[in-house]
Amino acid sequence: MAKGKVTFNEDICKGCGLCTTNCPVKIVKMDTSKINIKGFHPAAVFEMDKCIGCGNCAIMCPDSVITVERF
Amino acid sequence: MAIVAQKSKGLTDKETHYCPGCTHGIIHKLVAEVLEELDVLGETIGVAPVGCSVLAYDYFNCDMHEASHGRAPAVATGIKRVMPDKVVFTYQGDGDLASIGTAEIVHVAHRGEKITTIFVNNAIYGMTGGQMAPTTLIGQRATTAPLGRTVEHSGMPLRVSEMLATITGAVFVERVSVDTPANIRKAKKAIKEAFQCQLEGKGFSIVEVLSTCPTNWGMTPIDSLKWLQDNLIPYYPLGNFRKPGEVK
């Protein structure tokens, strides 16, 4: 059961990957199947039901791409 | 459902021009969140420097002023003296503050101006293409030190926080880093304390933030954070150098 929900404002993501480094459940990854308007692979969460809503990904994001909600 | 993290109201909707993975974005976010939490966004005037963050005036959702290279503390002094009830901060890089602006930052601390400075130290000149800064580490390569900085040629890197902590007028001096979520939380706490010192009229406050420059260091954003932890933090130790209670 997911405890959190992460949403990405994909088009302003610069694909730096800093959000992927500190996820305790390792569900934030770069989505290599997509290219955003800037030409980068945006970050995405693939298994949202594992999210614990800690907010580490959003804290690390330099471009405030990520919104995290906790249930 | 509670929102744990979202874009701060202290930032405008404009997308930053910073390179992917540049920690300027994290530091902008922390300053914006602190101003929002202290409920002073409408009372704040920021002074942007020259360097990568030269366009910071487009990104902060408060009144901003641009200063010439290194002179942000002098401009901020003028603003604060004319409008003492406003919150005034400068946002400067190491090429700006530790090199051309050394006189200004030393004397703003010496006069104990009631402003706050956010000093972003990434040990290199970013905007101009990776030249050696006073804060560049020994052995670190830069376009003006292609074989690495040497002590014989350029001396030892300048530790600005330690230097300013010897000045009585600087009431709050702390060095923080933005390499991990834990350190980012500590950085935010320090920035908040620095602004609180100003709001209480105690004197000059500065927070030095260790930052990365993936482009000019020639690394990926993730490797740069590791390089920061392995190289910058040992030479520039994190911690508080001065708190208001210690001022005599």
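I began with β4(B) and β5(B), which run parallel and are joined by 5 bridges; strands count as paired if DSSP finds at least two bridges between them. The strands (E, at least two residues) and helices (H or I, at least four residues) in my notes are DSSP runs, numbered from the N terminus. In this pair I found B:Phe89 opposite B:Thr116 in β5(B).

I noted that the model is predicted, that local features need pLDDT of at least 70 and side-chain atom pairs count only at pLDDT 80 or more, while totals for chains, interfaces and linings use all residues. Residues are numbered from 1 along each chain as its sequence is written, and chains are lettered from A and ligands numbered from 1 in the order in which they are written.

Next I asked how many residues of β5(B) are buried. I found 6 of its 6 residues buried, where buried means that 20 or more other C-beta atoms, placed from the backbone, lie within 10 Å of the residue's own. B:Thr116, B:Ile118 and B:Val120 point one way from the strand, whereas B:Thr117, B:Phe119 and B:Asn121 point the other way.

I then followed β5(B) to β7(B), with which it pairs in the parallel sense over 6 bridges, and I saw that B:Ile118 has B:Val207 as its bridge partner there. β7(B) (204–210) is also joined by 7 bridges to β6(B) (170–177), again running parallel, and B:Val173 stands opposite B:Ile206.

Stepping back, I wrote down the order of the open sheet of 7 strands in chain B as β3-β2-β4-β5-β7-β6-β8, with mixed pairing. β3 (63–66) and β8 (239–242) of chain B stand at the edges with a single partner strand each, so one side of each has no neighbour in the sheet.

Last, I turned to the two chains and found 24 residues of chain A in contact with 25 residues of chain B, contact meaning that C-beta atoms, placed from the backbone, lie within 7 Å. The largest share of the side of chain A that touches chain B comes from β4(A), with 5 residues. I also looked at how β4(A) meets β1(B) (residues 2–5): 3 bridges join these strands, which run antiparallel, and A:Arg70 stands opposite B:Ala2.

Key:
Buried ≥ 20, exposed ≤ 12 C-beta atoms within 10 Å, placed from the backbone.
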